[in-house]
Amino acid sequence: MNAQIFSGCMPALMTPCTPDRKPDFDALVRKGRDLIATGMSAVVYCGSMGDWPLLTDAERMEGVERLVKAGVPVIVGTGAVNTASAAAHAAHAQKVGAKGLMVIPRLLSRGPSPAAQRNHFKAVLSAAPDLPAVIYNSPYYGFATRADLFFALRAEHPNLVGFKEFGGAADMTYAAENITSGSDAVALMVGVDTCVFHGFVNCGATGAITGIGCVLPREVLHLVSLCEAAAKGDVEARRLAQELEQALAVLSAYDEGPDLVLYFKHMMVLKGNPEYELHFNESDTLSASQRGFVETQLKLFDDWYAGWSKQSGLAERNAA
C-alpha cells in the first residue's frame, strides 16, 4: 500500500467550541480548508490536539465526515480506551472517505502489555484494511512500539505503512535506524514540533504532523521546505532551517506539554481566530502569567520572522 499520503506537512486540527462549549464543526471545516489552501498536504483529526478524550464518538465521527465532505484530506486519529471504539473510528474513517489512520495505542487498561497492544493494533488495522496507517508512538500514551512489534504487524497488515514518532530526538533516531530506513515503502513522520530539522535531515522523515503549524502555517511550511532541501545536501538551506527552528523553539515546545491545546488555542485567537477562545472544560485555562509569556514570545517570533524572511537571497528562494 502506498505511503504517499504521509508526506509533506499536516496540522493536527484543534476542535473549536460554540458558546455552549460544543464542537463548532463549521469553524473546524473552515480552518481545515484554509490550511489546505495555504499548502498543507492533509490534516489530522482527532489526535490529542483535537481533544479526542473530551468528545463523544459521535462528535468525533461527525467532525471527520464534515471535513471529508468539504474536500479536506483527513488522517483520522483512533485514540480510545476501548479497542472496539478505536476500531469503530477506523471503520468509519474508511467508510466516509478519509485518507489514512493515525493508530494510537490502547490506553489505561493493560496499556503496558505488548500482547494487549498487538491485539489492539491488529483490531484497528483490520477495521480499515484499505486505509494506509501509521502507528503513533508517544511516551504520553505509556507504550513504546519497537521494531519487532511493528514488523510483526506489518507482515499481517499491509496497510501499516509508517511510524509517527512523538518521543523526541532519541526515539526518532531509533525509529529511523530500526524501522523506517530499510524501505521507501515505510514512512517516518515527525510527530513533535521541536524535532522537525532532526527528523527530516538526520532521520529521513517524509513528513511532519504539527501543532504550531495551525498557528503559523506559512512559517512552518517554510521550515519544512528548508529541511527537505537541507536533507538533499543544500548547505544554505541547512543553515536557514536551523535558524528558523531555533527561533520557533519556545513556541514549538508547547507541543511537548500537557497544556498544548490551551497554548495553541490562545495563539490562534491572537492570530485572528476567535472561535478558538473557549475550551470544552470551563476550568481549562491558562494563567495570567502563561498568557503574558506566550503573547510576548509570539510577538517576538513574528517580529523576528518579518525581518529574517526579507534577508538577501531568502525572498528569491521562497519565490522559487
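Helices (H or I, at least four residues) and strands (E, at least two) are DSSP runs, numbered from the N terminus. This is a predicted model, in which local features need pLDDT of at least 70, side-chain atom pairs count only at pLDDT 80 or more, and totals for chains, interfaces and linings use all residues. Residues are numbered from 1 along each chain as its sequence is written, and side-chain values use heavy atoms, with hydrogens and water left out.

**View 1. Asp26, Glu62 and Arg66 form a salt-bridge network.**
Side chains of opposite charge can pair when their charged atoms come close. A salt bridge here is a side-chain nitrogen of Lys or Arg within 4 Å of a carboxyl oxygen of Asp or Glu. The structure holds 10 of them. In one, aspartate 26 meets arginine 66, with N to O at 2.3 Å. This pair links distant parts of the chain: aspartate 26 sits in helix H1 (residues 25-38), arginine 66 in helix H2 (residues 57-69), and 40 residues separate them. Arginine 66 also pairs with glutamate 62, where the closest N and O atoms are 3.6 Å apart. Glutamate 62 and arginine 66 share helix H2, four residues apart, or about one turn of the helix. How accessible are the partners? Buried means under 20% relative accessible area, exposed over 50%, and partly exposed in between (1.4 Å probe, protein chains only). Aspartate 26 has 46% relative accessibility, so it counts as partly exposed. Glutamate 62 is partly exposed at 36%. Arginine 66 is partly exposed at 28%.

**View 2. A salt bridge joins arginine 239 and glutamate 243.**
The closest N and O atoms of this pair are 2.6 Å apart. Both residues lie in helix H10 (residues 235-247). They stand four residues apart, about one turn of the helix. Arginine 239 is partly exposed, at 32% relative accessibility. Glutamate 243 is partly exposed too, at 25%.

**View 3. Helix H3 has a capped N-terminal end.**
H3 (residues 83-96) has 14 residues. From first C-alpha to last, H3 reaches 20 Å, close to the 20 Å expected at 1.5 Å a residue. The expected span is 1.5 Å times one less than the number of residues. At the N-terminal end, asparagine 82 is the cap. One of its side-chain oxygens lies 2.7 Å from the backbone nitrogen of alanine 84. Just after H3, glycine 97 takes a positive phi of about 100°. Which residues of H3 are buried? They are Thr83, Ala86, Ala87, His89, Ala90, His92, Ala93 and Val96. Their cover includes H2, strand S3 (74-77), strand S4 (100-103) and H4.

**View 4. Histidine 120 is buried in helix H4.**
Histidine 120 has its place in H4 (residues 114-127). Its relative accessibility is 1%, so it counts as buried. A polar contact is a pair of N or O atoms within 3.5 Å; within protein, one must be able to donate a hydrogen and the other to accept it, and residues adjacent in sequence count only if both atoms are side-chain atoms. Which residues does histidine 120 touch, leaving aside its neighbours within four places in sequence? Its contacts (heavy atoms within 4.5 Å) are Thr83, Ala86, Ile104, Pro105 and Arg106.

**View 5. Cysteine 9 and cysteine 214 are in no disulfide.**
A disulfide is a covalent bond between the sulfur atoms of two cysteines. The cut-off is a pair of cysteine sulfur atoms within 2.5 Å. How many does a search of the whole structure find? It finds zero. For cysteine 9, the nearest cysteine sulfur is that of cysteine 214, 9.2 Å away. For cysteine 214, the nearest cysteine sulfur is that of cysteine 9. Cysteine 9 is buried, at 2% relative accessible area. Cysteine 214 is buried as well, at 3%.

The peptide bond from tyrosine 45 to cysteine 46 is cis, with omega near 0°. Cysteine 46 lies in the loop between strand S2 (43-44) and H2. Aspartate 51 is buried, at 11% relative accessible area. Phi of arginine 21 is positive, near 60°. Arginine 21 is partly exposed, at 22%.
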